[in-house]
Amino acid sequence: MSRAIAKTGPVTAVGTMSGTSLDGVDSAVLVTDGHRIESFGPTSYRSYTDIEERVLRRALGKWSGTDVDAATEVVERAHLELLGAVEAADLIGFHGQTLAHAPRAQGTLQVGDGARLAEVLNRPVVWDFRSTDVALGGEGAPLAPFFHFACAKHIGADAPLAFLNLGGVGNLTYVDPRCGSPETPGALLAFDTGPANAPVNDLLQARRGLKYDKDGRIAAEGTGDQRVVEVFLAEPFFSRSPPKSLDRNDFANVSQQVADLSDADAAATLIAICAAGVAEGMRHCPAPPSHVLVTGGGRHNPVLMRMLADALECPISPVEQVGLDGDMLEAQAFAYLAVRVARGLPTSCPTTTGVSIATGGGTVSWPAETEALA
Ligand SMILES: Nc1ncnc2c1ncn2[C@@H]1O[C@H](COP(=O)(O)OP(=O)(O)OP(=O)(O)O)[C@@H](O)[C@H]1O
Ligand SMILES: CC(=O)N[C@H]1[C@@H]2OC[C@@H](O2)[C@@H](O)[C@@H]1O[C@H](C)C(=O)O
């Protein structure tokens, strides 16, 4: 008999995230009852090979067909390799890889079959986290905010603060930790801020065959073109009130606006666009947060962090400053959300995704011989 999930008390779960940067899969173990964070466990990472990354890139923006099938195979293989080595967890939160996201049109697509993973790994898998939210009128993203609320409680925050994730796309969560639960009105406000690292990655890939601008060294040599930044910020997305979300390639045309600039100026401009999008997003928050805590790879870019510090009216620092792991926060989030889904708790609400009522998405797939609840 496979291990079952208790109805109450802490569960050891492992979450995975294959993000929009397409660099690889993160996994992180978390012990939680679906409300409180009890403790953080081991983390691991499996990078995509160059060939795998190309397969994923080819499938971006597609909803079905052979490219999507090939990407699905890559995603499942990478997760099976990574998760096969994680013995300690009783439940898996499998985000999969987003290939396309158009919540008010075709929907949202995260590939990788959680039912297959459950069979092969012989453990329950929670997956397809976003589609119920979309079906109920939500954006389906961002979903990390309920975990951000738990993080704020965990670090003992007593004043409103913000979590800013800078991956391929940026997203911000304003948290008021004085509220009793994430669904309490006023506890959370969340939305995507705009493109983050995806445009600069794509630019440097195309021009120099680089995966990204390590430590912002190229951008540091250049000057951001403020005119391009201002034109970009006139896009209706930035003035729209949250909740709102983006597909990775929604602003892929930004590359044309920096086509005439040198590599250094183009990189500096794209990074300035990311910072300006965050500053613009901050206007939608009820008040300036006491502190902005940054997660995701963008916090390693000193040029971007400096631009953000200049643009925001409050202190900003990597989440490591409060003892959290900025490379693994999203994987931890999906471990947390998996436990909430398994226990029938909501994972989104009107102020995080715009869904009409607090909603618990996600599908739980059990391996053939597991008893669902102990
Ligand atoms: N040392 C560094 N210097 C500059 N940029 C960096 C550095 N390390 C990581 N990055 C940037 O961060 C990106 C990876 O960020 P992250 O892993 O948070 O993305 P993701 O989880 O795939 O995206 P998302 O959160 O949008 O799903 C890299 O592609 C790169 O652009
Ligand atoms: C559709 C989708 O996969 N969105 C991702 C993406 O990457 C960052 C941003 O856009 C965020 O909205 C979301 O991921 C994080 C983990 C979230 O759901 O909170």
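The domain assignment divides this protein into domain 1, made up of 11–139 + 328–345 + 359–365, and domain 2, which covers 156–322. Before I go further, please keep in mind that this is a predicted model, with a mean pLDDT of 96 for the protein and 97% of its residues at 70 or more, and that the predictor gives the complex an ipTM of 0.98 and a pTM of 0.97.

Let me turn to how the two domains meet. Their C-alpha centres lie 23 Å apart, and the contact takes 15 residues from domain 1 and 21 residues from domain 2. Between them the domains bury about 1200 Å², with 41% of that area on carbon and sulfur atoms. On the domain 1 side, Thr20, His101 and Glu139 supply 37% of the area buried against domain 2, which is more than any other three residues supply.

As for individual contacts, a polar backbone atom of Asp215 sits 2.7 Å from a nitrogen atom of ligand 1, while a polar backbone atom of Gly297 is 2.9 Å from an oxygen atom of the ligand, and a backbone N or O atom of Val169 lies 3.2 Å from a ligand oxygen atom. Of the 650 Å² of accessible area that ligand 1 has on its own, the protein covers 87%.

Definitions and conventions. Residues are numbered from 1 along each chain as its sequence is written. Chains are lettered from A and ligands numbered from 1 in the order in which they are written. This is a predicted model: local features need pLDDT of at least 70, side-chain atom pairs count only at pLDDT 80 or more; totals for chains, interfaces and linings use all residues. Side-chain values use heavy atoms; hydrogens and water are left out. A polar contact is a pair of N or O atoms within 3.5 Å; within protein, one must be able to donate a hydrogen and the other to accept it, and residues adjacent in sequence count only if both atoms are side-chain atoms. Accessible areas come from the Shrake-Rupley method with a 1.4 Å probe; for residues, only the protein chains shown count as cover. pLDDT is the predictor's confidence in each residue, from 0 to 100. Domain bounds come from an automatic or database domain assignment. Contact means heavy atoms within 4.5 Å. Buried area is the accessible area (1.4 Å probe) that two parts lose on being put together, summed over both.
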